[in-house]
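User: I am new to this structure. Please show me how to read a few of its features.

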Amino acid sequence: MKPISEVVKSIPASGIRRFFDIVSQMKDVVSLGVGEPDFVTPWHIREAVLASLERGETSYTSNYGTLELRQAVAEYLRKHEGLSYDPENQILITVGVSEGMDLALRAILNPGDEVIVPEPCYVSYKPCVSFAGGVPVPIPTTADAGFRVDPRDIAAAVTPKTKALLISYPSNPTGATATREMLEEIVAIARKHDLYIISDEIYDRLTYIGTHTCMSTIDGAYERTILLNGFSKAYAMTGWRIAYAAGQPDVIEAMMKIHQYTMLCAPRMGQVAALRAITHAQEDTERMIEQYNERRRVIVKGLNDIGLHCFTPGGAFYAFPSVKSTGLTSDEFCERLLWEENVAVVPGSAFGECGEGHIRCSYATSLDKIELAIERMAGFVAKLKRGNVEPADAARV
Ligand code: PLP
């Protein structure tokens, strides 16, 4: 056979997947690996879908998504952010933010266009830019700067080929949040160079320190921002695969054109669930946020207490401590922690080069499991400190 696409071949498989393949074959693993709520979708949302199925609602929907859901999203954005989007042509319902990201990039990029991506970042950003024919331009951030991108670094990275900035706060994997001032500076750069801003705000509701600022609310951002948000994290609805994109009619129409030919529409059942969630599940979300916040305090304190310095995350459900004091690379740390103590965390290097020296610990799991994981990690770190280390089973990985 002739070889597969050069672009696809050039992209390494996700660094996270390898760990989950190992974890799935092991017993008694405490996993802080998965970036997915441990809650089940609230019952009234599932019930709304059952009723819809009983009514026989099993057909395709409009390519844009059901008008009711688009109207509800527009109303939500109006009420919570003071933003005005026309549900007829400024909102597209997508198959997760994952699809929204792919559509946004494919809609705006020509071959060779550059997209600036602050790192560490969600694993799919750079591959998606490449799949869309673009060139990702990573900008490193540091724990000392609270993993907030320095707008001056963005400005310095702009070239005549730059087409877009891909910004995401609260951040996966660091839990960093943005300040309004910082977003204002980013928007000023985008305006100066006439760049699109793709803003992935999937963790906006999971903000524990201060309040989240939606990118599109910044002066001068609305007309150039493709706002992506979804239901996976805030409503514990990962499997329903529903999200939305909001932006200018021409961009949304371009995204819809790709979506129309490749996806047709987002799943109807998911759209029914999302409509119920956005109109009736705000209290459920508040309850989940309270629990994430309590877990956040426990895990950050626990990690710092055992000597893994952890910057205080203000959002999402990840802690991103440094493991540099152990002398191990983040990969070595994770492999050995898994084999020797049955605890799964993700190496920071999976999220970009500057993530090296850190690990991502998801606290979207019960307090009991978090406490058990910390206990096992404490033993592991103490063992490393004593230098009393068995030859690593990691060689087997
Ligand atoms: N964006 C970020 C920052 C994420 O962390 C994730 C999932 O972990 C996604 C997007 C994908 O979300 P969805 O389930 O809506 O496709």
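Analyst: Start with a loop. Thr-177 lies in the loop between strand E5 (162-167) and helix H8 (180-192). Helices (H or I, at least four residues) and strands (E, at least two) are DSSP runs, numbered from the N terminus. This is a predicted model: local features need pLDDT of at least 70, side-chain atom pairs count only at pLDDT 80 or more, and totals for chains, interfaces and linings use all residues. Residues are numbered from 1 along each chain as its sequence is written, and side-chain values use heavy atoms, leaving out hydrogens and water.

User: Is Thr-177 buried or exposed?

Analyst: Buried means under 20% relative accessible area, exposed over 50%, and partly exposed in between (1.4 Å probe, protein chains only). Thr-177 has 13%, so it is buried.

User: Which residues does Thr-177 touch?

Analyst: Contact means heavy atoms within 4.5 Å. Leaving aside residues up to four places away in sequence, Thr-177 touches Arg-148, Tyr-169, Pro-170, Thr-207, Gly-314 and Gly-315.

User: How do I read a pair of packed helices?

Analyst: Two packed helices are described by the angle between their axes and the distance between the axes. Axes are lines fitted to C-alpha atoms, for helices over the stretch in contact, and angles run from 0 to 180 degrees between N-to-C directions. Take helix H4 (residues 67-81) and helix H10 (residues 268-280): the angle is about 30°, and the axes are 9 Å apart. H4 is therefore roughly parallel to H10. Angles under 35 degrees count as roughly parallel, over 145 as roughly antiparallel, 65 to 115 as roughly perpendicular and the rest as oblique.

User: Which residues of H4 and H10 meet?

Analyst: Glu-68, Leu-69, Ala-72, Val-73 and Tyr-76 in H4 meet Gln-271, Ala-274, Leu-275, Ile-278 and Thr-279 in H10. By class, that contact has seven nonpolar, two polar and one charged. Here Ala, Val, Leu, Ile, Met, Phe, Trp, Tyr, Cys and Pro count as nonpolar, Asp, Glu, Lys and Arg as charged, and the others, Gly among them, as polar.

User: What angle do H12 and H13 make?

Analyst: Helix H12 (residues 330-341) and helix H13 (residues 367-386) pack at about 115°, with axes 10 Å apart. H12 and H13 are therefore roughly perpendicular. Their contact has six nonpolar, no polar and five charged residues.

User: What covers the buried residues of H13?

Analyst: The cover includes strand E1 (30-31), helix H11 (282-305), H12, strand E10 (343-344) and strand E12 (359-362). Among the buried residues of H13 are Ile-370, Ala-373 and Phe-380. Just after H13, Gly-387 takes a positive phi of about 70°.
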